[in-house]
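These are my notebook entries on one protein model. I looked up its sheet, its strand pairings, its side-chain contacts and its surface.

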Amino acid sequence: SVYGSVNVDLFESLFLTFTGRNDWSSTLPKANRSYFYPSASISAVISNLVKMPESINMLKLSASWAKVAYDFQPYSIRNYYLNNGGITFNGNPTYYYPTTLNVENSLKPEQTKSYELGLSAGFLNNRITLDATYFRTLDYNNILQFPAAESSGFTSQYVNGNEYTTKGFEVSLG
């Protein structure tokens with residue numbers, strides 16, 4: 001892996017962060033082995049930049065975006081004979097051929113993209129606090145075990161698929 005991060009602090013009120021990471025995974029096919037995922041975030045403490053009413057002690061806005069990726073378990077892009085978990089025959093270890101077809105050139109890393117928008121505030125000498133966040137996450141290229149025609153000699157194979165979105169609000173009042 002290679003990872004880099006840049007953090008910027010302006011006037012102790014505006015904060016920027018950028019990251020980038022690239023992984024090379026031996027558990028994925030050679031064509032899809034390298035994958036990059038960045039992130040960026042910004043937050044602004046508005047109450048440090050602008051004169052606020054006396055009842056507002058702190059007001060902060062934030063936003064972030066990120067992409068992450070995951071590789072797969074070892075020995076999943078080719079089929080190998082596997083040890084049968086200590087079972088022996090006449091003192092010799094036994095092996096079996098898996099029933100899941102591993103397709104060497106098809107798998108891509110699982111990926112997630114997400115973003116958040118947030119607001120934090122403190123009122124009346126921070127006797128009352130409010131944190132509110134909206135988030136949205138997209139998961140895609142999930143690695144799934146999918147049924148295969150048994151006439152192939154296998155019962156399943158690994159494929160990418162299953163895209164779904166999660167979104168919502170989180171609110172905390174103290």
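The entries below follow the order in which I looked things up.

**Entry 1. Basis.** I worked with a predicted model, in which local features need pLDDT of at least 70, side-chain atom pairs count only at pLDDT 80 or more, and totals for chains, interfaces and linings use all residues. I number residues from 1 along each chain as its sequence is written, and side-chain values use heavy atoms, with hydrogens and water left out.

**Entry 2. The sheet.** I took helices (H or I, at least four residues) and strands (E, at least two) as DSSP runs, numbered from the N terminus. Two strands pair if DSSP finds at least two bridges between them. I found an open sheet of seven strands in the order β1-β2-β3-β4-β8-β9-β12, paired in the antiparallel sense. The edges are held by β1 and β12 (164-173); each has a single partner strand, so one side of each lacks a neighbour in the sheet. From one strand to the next, the twist averages 5°; axes are lines fitted to C-alpha atoms, for helices over the stretch in contact, and angles run from 0 to 180 degrees between N-to-C directions.

**Entry 3. Two strand pairs.** I followed strand β1 (residues 2-10) against strand β2 (residues 14-24) and found antiparallel pairing over nine bridges. Gly4 stands opposite Gly20 in β2. The hairpin of β1 and β2 has three residues between the strands, and Phe11 there takes a positive phi near 60°. I then turned to strand β4 (residues 56-70), which pairs with strand β8 (residues 110-123) in the antiparallel sense over 14 bridges. Ser64 has Glu116 in β8 as its bridge partner.

**Entry 4. Salt bridge.** I required a side-chain nitrogen of Lys or Arg within 4 Å of a carboxyl oxygen of Asp or Glu. The count comes to one salt bridge. Asp23 forms a salt bridge with Arg21, and their closest N and O atoms are 2.9 Å apart. For accessibility, buried means under 20% relative accessible area, exposed over 50%, and partly exposed in between (1.4 Å probe, protein chains only). Asp23 counts as buried because its relative accessibility is 9%, whereas Arg21, at 31%, counts as partly exposed.

**Entry 5. Aromatic pairs.** I counted rings of Phe, Tyr and Trp (its six-membered ring) as paired if their centres lie within 6.5 Å, with planes under 30 degrees apart as stacked, over 60 as edge-to-face and the rest as tilted. The structure holds six aromatic pairs. One of them is the tilted pair of Tyr115 and Tyr134, at 6.2 Å centre to centre and 50° between the planes. Tyr115 lies in strand β8 and Tyr134 in strand β9 (residues 128-140), so this pair ties together parts 19 residues apart in sequence. Tyr115 is partly exposed at 31%, and Tyr134 is partly exposed at 21%. Tyr134 also forms a tilted pair with Phe169, at 5.1 Å centre to centre and 55° between the planes. That pair links Tyr134 in strand β9 with Phe169 in strand β12, 35 residues apart. Phe169 is exposed, with a relative accessible area of 68%. I also noted one aromatic cluster, formed by Tyr81, Tyr97 and Phe154.

**Entry 6. Surface patch.** Which residues make the nonpolar surface patch of about 420 Å²? I found Leu10, Phe11, Leu49 and Val50. Patches are made of residues with over 30% relative accessible area and no salt bridge, like charges being joined within 9 Å and nonpolar side chains (Val, Leu, Ile, Met, Phe, Trp, Tyr) within 5 Å. Accessible areas come from the Shrake-Rupley method with a 1.4 Å probe, and for residues only the protein chains shown count as cover. Leu49 is found in helix α1 (residues 46-49) and is partly exposed at 48% relative accessibility.
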